[in-house]
Amino acid sequence: ADARDFLHRLTTVDVRNLQPGEGSPCFFLEPTGRIRAFFFLSCLAADQFLLIIPASHPSGESDWKERLVSAVDQY
């Protein structure tokens, strides 16, 4: 029930204004502004969201899935 507010506060997307059927590239950031995780956020319904994670990290470091799970688990 709190997904919209949660994602709005913790990502770089204006989730409050994201309508069903819309989507956007999205980041979780470190407090310093460094990118922690990248994904595509899609609004399926008023209270349902889909996070699409790229298969690999361009630099060859740990992949985006691990980074995203770590960021979400923190909260």
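This is a predicted model: local features need pLDDT of at least 70, side-chain atom pairs count only at pLDDT 80 or more; totals for chains, interfaces and linings use all residues.
Which residues does Cys43 touch, not counting residues up to four places away in sequence?

1. The protein has two helices and three strands, and reading along the sequence gives the pattern α-β-β-β-α. Its radius of gyration is 12 Å, close to the 11 Å that the globule rule gives for 75 residues, so the protein is as compact as a globular protein of that length. The C-alpha trace spans about 35 × 25 × 20 Å along its principal axes.

2. Now to the opening question. Cys43 touches Arg4, Leu18, Gln19, Pro20, Gly21, Glu22, Gln48 and Phe49, leaving aside residues up to four places away in sequence. You will find Cys43 in strand 2. Cys43 has a relative accessible area of 1%, so it counts as buried, the cut-off being under 20%.

3. With residues up to four places away in sequence left out, Phe49 touches Ala3, Arg4, Leu7, Val15, Leu41, Ser42, Cys43 and Leu44. Phe49 also belongs to the largest nonpolar core, a group of 14 residues in which Val15, Phe28, Phe39, Leu41 and Phe49 touch the most other members. Two or more residues of this core come from each of helix 1 (3-10), strand 1 (23-29), strand 2 (35-45) and helix 2 (64-74). Strand 2 gives the largest share, four residues. In soluble globular proteins, nonpolar side chains tend to be buried together.

4. Helix 1 is worth a look of its own. Its buried residues are Arg4, Leu7, His8 and Leu10. Among the elements that cover them are strand 1, strand 2 and strand 3 (48-52).

5. Finally, some values for the whole protein. Buried residues make up 31% of the 75 residues. Of the contacts with a separation of 6 or more, 30% are between residues 24 or more positions apart. The protein exposes about 4,800 Å², and carbon and sulfur atoms supply 53% of that area. As for charge, there are 7 positive and 10 negative charges, and their mean positions are 3 Å apart.

Key
Residues are numbered from 1 along each chain as its sequence is written. Side-chain values use heavy atoms; hydrogens and water are left out. The radius of gyration is taken over C-alpha atoms; the globule rule is 2.2 Å times the number of residues to the power 0.38. Buried means under 20% relative accessible area, exposed over 50%, partly exposed in between (1.4 Å probe, protein chains only). Contact means heavy atoms within 4.5 Å. Accessible areas come from the Shrake-Rupley method with a 1.4 Å probe; for residues, only the protein chains shown count as cover. Lys and Arg count as positive and Asp and Glu as negative; His and the chain ends are not counted. The place of a charge is taken as NZ of Lys, CZ of Arg, CG of Asp or CD of Glu. A nonpolar core is a set of buried Ala, Val, Leu, Ile, Met, Phe, Trp, Tyr and Cys residues joined through side-chain atoms within 4.5 Å.
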